[in-house]
Structure formats: structure tokens, C-alpha cells
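Here is a short report on one protein chain.

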Amino acid sequence: MGFSAYFRLLRAGYVLAREGALSIISAEGLPPALAPLRAGIWLGRLIERRAVRQTGHVERLTRALNLLGPTYVKLGQTLATRPDVVGVDIANDLAGLQDRMDPFDAALVPTILTAALGDKAAELTELSAPIAAASIAQVHRATVRPADGPPRTVAVKILRPGVKARFMDDIESFYAGARLADRFIASTKRLRPIEVVQTLDRSAQLELDLRLEAAAISEMAENIKDDTGFVIPSVSWDHVAQNVLTTSWVDGIPIRNHAALDAAGVDRKALAANLLQSFLKHAIRDGFFHADMHPGNLFADAHSGDVIAVDFGIMGRINRRERRFLADILYGFITRNYRLVAERHFDIGYVPKNQSVDDFALAIRSIGEPLHGRTAADISMARVLGQLFAITDMFDMQTRPELVLLQKSMVLVEGVSRALDPNLDIWTVAEPVVGDWLRKQAGPMGQIENLGEHLKVINEAAGRVPAILAQAELALSDYHAAKQGQRDPLMRWLLLGLMGIAGVTLLALLWRIMVFTGW
């Protein structure tokens with residue numbers, strides 16, 4: 001990593017401070033772990049433009065984020081969904097980053113399509129001007145006229161030229177910042193900043209290949225084929241390339257256009273509940289979820305009120321253990337079983353074993369109890385997040401990079417849902433999804449799935465036994481060759497020990513099967 005990454009990081013800090021980004025942060029409200037940043041915030045605010053200091057308006061922040069690069073735009077898109085954290089005016093200003101950015105030169109589009117799709121590009125006709133433009137790509141409406149079928153209306157997504165290089169520059173500067181924090185700010189080590197950036201890096205690499213987005217749409221379509229209330233487009237595989245994605249056209253009302261939703265008679269309360277429940281269903285049941293559900297990617301069907309989602313470039317995936325963790329945590333809060341919440345945090349390794357489960361349960365109760373019986377409008381999410389961060393510091397909790405996308409997505413979805421319905425009670429809405437899944441896991445089908453997981457582990461372990469025996473035989477052969485046939489009691493005991501380990505392993509696996517199946 002060269003000095004250019006540190007220069008870009010310094011430039012980004014200067015631009016953001018100049019345009020008032022630090023005014024969003026309350027230095028006094030920072031948890032103790034981030035106390036060293038207070039001086040930096042104070043210094044940074046000294047270079048704010050005079051207009052920002054005098055009025056508090058940060059209308060140029062959107063332009064600054066766009067100037068800095070696509071990953072900074074992603075940050076702005078997330079903040080735009082949290083007016084309860086950054087303020088209504090700032091959130092409204094940042095909302096333009098979701099799908100109303102300046103498009104790239106339309107004259108480049110035909111050349112890009114021909115280079116990417118070859119002869120198939122000719123089947124895309126009546127290409128419109130960009131109908132949406134974001135940090136990574138822009139979308140056009142078009143008509144596909146295949147030689148062997150009827151014409152159909154499609155959406156054509158095209159990556160911005162040069163966006164990969166800009167993305168990689170951003171990620172490189174993030175690595176620079178993460179390494180500086182890891183080295184010089186001891187309190188951030190537990191947050192594992194380098195591993196978090198690695199997670200973002202991997203996500204960015206996947207997002208920049210639209211063939212993988214097409215595959216994600218296909219996988220999610222299989223997962224939700226029997227569901228209702230959540231609609232996604234289908235893929236036109238003949239018109240997909242690394243930088244071009246063509247899907248069926250979907251009509252809907254932008255989910256952030258509350259006036260249009262009301263005029264069409266869409267029940268916003270039901271829409272908010274459907275959105276939150278759909279996300280939880282995908283995450284907990286399937287372990288595969290849309291991880292970029294900002295309002296620019298969400299629409300509502302004017303007739304059915306269904307949620308329509310687009311842009312599957314960022315997807316999250318969690319394994320069975322993490323899905324159970326999420327379900328238990330939510331169910332613990334729903335039923336006010338804070339001991340369960342605490343124990344699951346210890347089980348998955350979020351909280352070190354040297355901490356007290358009882359003390360952590362008490363800390364969780366201090367967060368959960370004030371939230372019960374209150375609507376979204378009554379809850380200060382900024383205060384809740386600050387308290388959560390203070391507790392993570394108090395109990396030396398470690399960041400789990402594999403859950404970063406899940407946590408970010410939950411913040412997004414909850415923010416969009418509460419905007420639709422300020423009186424949303426997330427616990428009441430979440431209970432049917434979480435409770436049903438946990439009850440199924442306790443039933444026969446859930447036990448069969450658990451048995452399958454156990455048998456998979458057992459099979460993998462059993463497969464290592466021959467290797468143990470082979471290594472023992474090889475070690476004995478080498479020893480005898482070196483000693484020219486001399487016997488050594490120690491070596492005999494070593495061989496017997498290795499064979500014993502293999503035997504005990506097989507017996508333990510057999511016992512595990514018997515216990516689990518009730519033999």
C-alpha cells in the first residue's frame with residue numbers, strides 16, 4: 001500500500017470536515033471507547049465552511065460524498081434512512097444519493113452494450129434515457145425483441161465506466177485508515193477494523209460483477225417462490241455480462257414517496273410490517289438476504305401493496321448457527337428473556353468467556369426494557385446505538401465481520417419501515433416470523449435438519465481418521481528406516497497412542513449419533 005492511499009484518506013477527511021460531516025456527530029455523546037476522537041472532531045470542525053457553522057446546514061455534503069467516490073456514497077445512502085440519527089434535513093439531502101445522481105455520458109451506452117453482449121445487444125431496442133443513476137450503475141428502460149419470442153419490456157443496468165478503479169481506490173484508503181486505527185487507537189482493536197474492511201472489500205468485488213447479481217436474483221427467486229408479498233424481477237440471461245444486467249421490468253411506487261402511496265390507497269402500516277417480516281424471513285429462514293435495502297431499491301405495487309425489490313448487487317449470507325443466533329436474540333427481546341439474549345452472545349463468541357453472563361444480561365435489560373411498549377416514533381435510535389456501543393466497550397465485545405452486512409441491513413430495513421409507519425412496534429411485527437421459525441426448529445423437521453448438520457460434521461471427522469492412521473504408519477516406517485529395524489518402546493507407544501486417538505474418535509462419533517437419535 002503506497003502513500004497515495006493515505007493521501008486519499010486525508011483528502012476525504014478534509015472534504016467531509018469542510019462540508020460539515022462532523023457536525024452530525026455529538027462529541028459529548030461519544031462512548032468512552034471513542035473518547036480519543038473528541039479532540040479530532042473539535043479540530044475538524046475548525047475547518048468547516050462558515051455557512052455550516054452559522055446555519056448548521058450541510059446541503060453540500062451530498063456533493064462531497066459523490067466527489068469522494070462510490071463507497072462514500074454507500075455510506076450516505078445508509079445515513080439517509082436514519083433521520084432519527086442524523087436529522088431530517090440531512091437525511092432528505094442524502095436521499096438523492098440513492099438513485100438521483102448524475103448519469104454518465106449516454107453516447108457511451110451503445111458501445112458498452114455491444115462490447116459486453118455481442119450480437120445480442122441488437123435485441124435491446126427503444127433504450128430510454130437513464131431512469132435511475134446511483135454510485136455503481138445506472139438503469140435504462142428498453143424493449144427486448146428476441147428472434148424466437150415476443151417483445152418484452154426490460155430494465156438494463158449498466159456499470160459506470162471506471163467504477164471498479166474508483167472502488168478499489170476507496171477500499172485501499174479504508175485499509176489505510178483501518179491499519180492506522182488498529183495501530184494507534186487501542187480501544188478500536190476489539191472492533192477488528194481491518195477485518196471489517198476485508199468484508200466490505202469482498203462485498204464490493206461481488207457487486208462489481210453483474211453476472212453474480214443475476215445469480216443472486218435467481219437464488220432468491222427459488223427461496224421465495226412460495227411466498228407472497230415480496231416481488232423481485234426475473235433475469236434475461238441472454239443479455240447479461242460482467243458490466244450489463246437485464247431483468248424484467250417492474251412497475252411500482254417508490255417506497256419513499258409517501259404521498260403517492262397514500263394517493264394510491266396503499267396501507268403504509270401493512271407495507272412497513274411486510275418489509276420487516278420479509279427481510280427477517282429471508283435472513284432467518286433462508287440465510288440469504290438483500291443487503292442494500294435503501295429506499296432507492298424498494299417500491300410498492302399500487303394494486304396489491306406488495307414490496308418490490310431491485311438491485312441485488314450486495315447480498316448477505318449467514319450460516320445456520322448465525323441464523324439461530326439472530327432468531328434467539330430477537331425472540332429474547334420479544335419475550336423479555338434477557339438471560340437468553342446474554343447466553344447467545346456468549347455462545348457465538350461475541351462476549352469473552354471471562355465476562356459475567358449475569359452482568360451482561362443486566363446490561364441488555366437496560367436496553368430492552370425502555371423499548372417495550374413504545375412505538376418507533378418514541379425511540380431515539382441515536383441514543384440506543386450510543387448505549388449499545390458503550391456496552392460493547394464495557395464487556396470487551398469483539399466485532400464479528402461475518403455479521404457486518406446483517407447488522408447494516410437491519411439498520412437500513414428498520415429505518416425504512418419506521419419511515420413508513422412511525423408507530424411501528426418492531427417486536428410485535430417480528431414475533432410471527434421469529435416465533436414460527438423457532439417452533440419449526442423444535443419440531444420433527446427441524447430435528448431432521450439438525451441431524452443432517454451433525455452427520456455432516458461426523459462424516460468430515462470420520463474422513464480424517466484414515467489420514468491419522470496413515471501418518472502414524474509413515475512415522476513408524478521412517479523411524480524403523482532410521483534405526484535399521486531397531487525397536488523402541490517409546491515408538492510403539494506413540495503408534496498405539498495415534499491408533500487409540502483414531503479409535504476413540506470413531507467411538508465418540510458413534511456415541512454422538514446414538515445420543516442425538518435417542519438409541
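Arg323 is buried, with a relative accessible area of 12%. Buried means under 20% relative accessible area, exposed over 50%, and partly exposed in between (1.4 Å probe, protein chains only). Arg323 sits in helix H14 (residues 320-334). Helices (H or I, at least four residues) and strands (E, at least two) are DSSP runs, numbered from the N terminus. Setting aside neighbours within four places in sequence, Arg323 is in contact with Ala283, Ile284, Arg285, Asp286, Gly287, Ile318 and Trp437. Contact means heavy atoms within 4.5 Å.

This is a predicted model: local features need pLDDT of at least 70, side-chain atom pairs count only at pLDDT 80 or more, and totals for chains, interfaces and linings use all residues. Residues are numbered from 1 along each chain as its sequence is written, and side-chain values use heavy atoms, with hydrogens and water left out.

The buried residues of helix H15 (residues 338-347) pack against H14 and helix H16 (357-371). Just after H15, Gly349 takes a positive phi of about 95°.

Helix H10 (residues 193-207) has 15 residues. H10 reaches 21 Å from its first C-alpha to its last, close to the 21 Å expected at 1.5 Å a residue. The expected span is 1.5 Å times one less than the number of residues. Cover for the buried residues of H10 includes helix H5 (70-80), helix H9 (163-184), helix H11 (210-223) and helix H18 (404-420).

| Helix | Buried residues |
|---|---|
| H10 (residues 193-207) | Pro193, Val196, Val197, Thr199, Asp201, Ser203, Ala204, Glu207 |
| H15 (residues 338-347) | Tyr338, Leu340, Val341, Ala342, His345, Phe346 |

Next, a helix pair. The axes of helix H1 (residues 3-18) and helix H4 (residues 61-68) come within 9 Å and cross at roughly 170°. H1 and H4 are therefore roughly antiparallel to each other, a label for angles over 145 degrees. Arg11, Ala12, Val15 and Leu16 of H1 meet Leu61, Ala64, Leu65, Leu67 and Leu68 of H4. The residues of this contact divide into eight nonpolar, no polar and one charged.

Now the whole chain. The secondary structure comes to 21 helices and 11 strands. Of the 519 residues, 45% are buried. Among contacts between residues at least 6 apart in sequence, 69% join residues at least 24 apart. The accessible surface comes to about 26,100 Å², of which 59% belongs to carbon and sulfur atoms. Accessible areas come from the Shrake-Rupley method with a 1.4 Å probe.

Key:
Axes fitted to C-alpha atoms, helices over the stretch in contact; angles between N-to-C directions. Parallel < 35°, antiparallel > 145°, perpendicular 65-115°, else oblique. Nonpolar A, V, L, I, M, F, W, Y, C, P; charged D, E, K, R; others polar.
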